[in-house]
Amino acid sequence: MTIELHTWNTPNGRKISVALEEMGLPYQVFPINISKGEQMTPGFLSLSPNNKIPAIVDPEGPGGQRVSVFESGAILLYLGEKTGKFLPVPLIDRIPVYEWLMWQMGGFGPMPGQVHHFIALENEADRAYGLKRYMDETRRLYGVLDRRLATREFVAGPLSVADFAILGWAWRHPRHKVELKDFPHVERWYNTLMARPATRRGMEAKLD
């Protein structure tokens, strides 16, 4: 059964298209044009109570029942549980996946997102303070990730949904003015992932 992916061409949307490709799940994209406010429509609200993309509909969810899931982190965990892929079974091995997925959701997403906001402002006085604050924090988070990847290939050991979550935002590094060469372990990790055929398909899937 084909999963419905309701999304737009954003880092959070890319997390899910990459995961679906890596897990080998068939899916159909339903574009939600956030620049036109389509995320506010009653139909999308029924899937995502927070009016944020992405959301999925799985016509063959638990017990064979149709189910919808919103919030990108929840979607990644759901898909990992559903397929048994990229989400280790032993709890001890899941701990770093949970940690680094939550690290992305709480920091490496909201902070670069603020950079995206302030960098787009035309008035220099309006954007100067916010841009410095959030650029500094974004670079700090890249440093955290770089130190983590200095001793392992992927953030939680084996490739996991946490990597897909972080990749969605690292993909936008040019937009938040970060040169990956400044973070060599992140650069190695990024290039390794982007060389994977399924990840590449997920990154190239038309989401808008």
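Which residues of β1 are buried on one side, and which on the other? Ile-3, Leu-5 and Thr-7 are buried on one side of β1, and Glu-4 and His-6 on the other. The views below show a predicted model, in which local features need pLDDT of at least 70 and side-chain atom pairs count only at pLDDT 80 or more, while totals for chains, interfaces and linings use all residues. Residues are numbered from 1 along each chain as its sequence is written, and side-chain values use heavy atoms, with hydrogens and water left out.

View 1. Strand β1 (residues 3–7) is largely enclosed by the rest of the structure, because five of its five residues are buried. Buried means under 20% relative accessible area, exposed means over 50%, and partly exposed lies in between (1.4 Å probe, protein chains only). Helices (H or I, at least four residues) and strands (E, at least two) are DSSP runs, numbered from the N terminus. With strand β2 (residues 27–31), β1 pairs in the parallel sense over five bridges; two strands pair if DSSP finds at least two bridges between them. Tyr-27 in β2 is the bridge partner of Ile-3. With strand β3 (residues 55–58), β1 pairs in the antiparallel sense over three bridges, and Leu-5 stands opposite Ile-56.

**View 2. Thr-138 in helix α6.** Thr-138 belongs to helix α6 (residues 124–149) and is buried, with a relative accessible area of 1%. Leaving aside residues up to four places away in sequence, Thr-138 touches Met-111, Pro-112, Val-115, His-176 and Val-178; contact means heavy atoms within 4.5 Å.

View 3. Lys-132 and Asp-136 form a salt bridge, their closest N and O atoms being 2.8 Å apart. A salt bridge is a side-chain nitrogen of Lys or Arg within 4 Å of a carboxyl oxygen of Asp or Glu. The two residues, Lys-132 and Asp-136, are separated by about one helical turn because they are four residues apart in helix α6. Lys-132 is exposed at 55% relative accessible area, whereas Asp-136 is partly exposed at 41%.

View 4. Arg-200 and Glu-204 lie four residues apart in helix α9 (residues 197–204), about one turn of the helix. In their salt bridge, the closest N and O atoms are 3.9 Å apart. Arg-200 is partly exposed, with a relative accessible area of 32%, and Glu-204 is exposed, with 55%.
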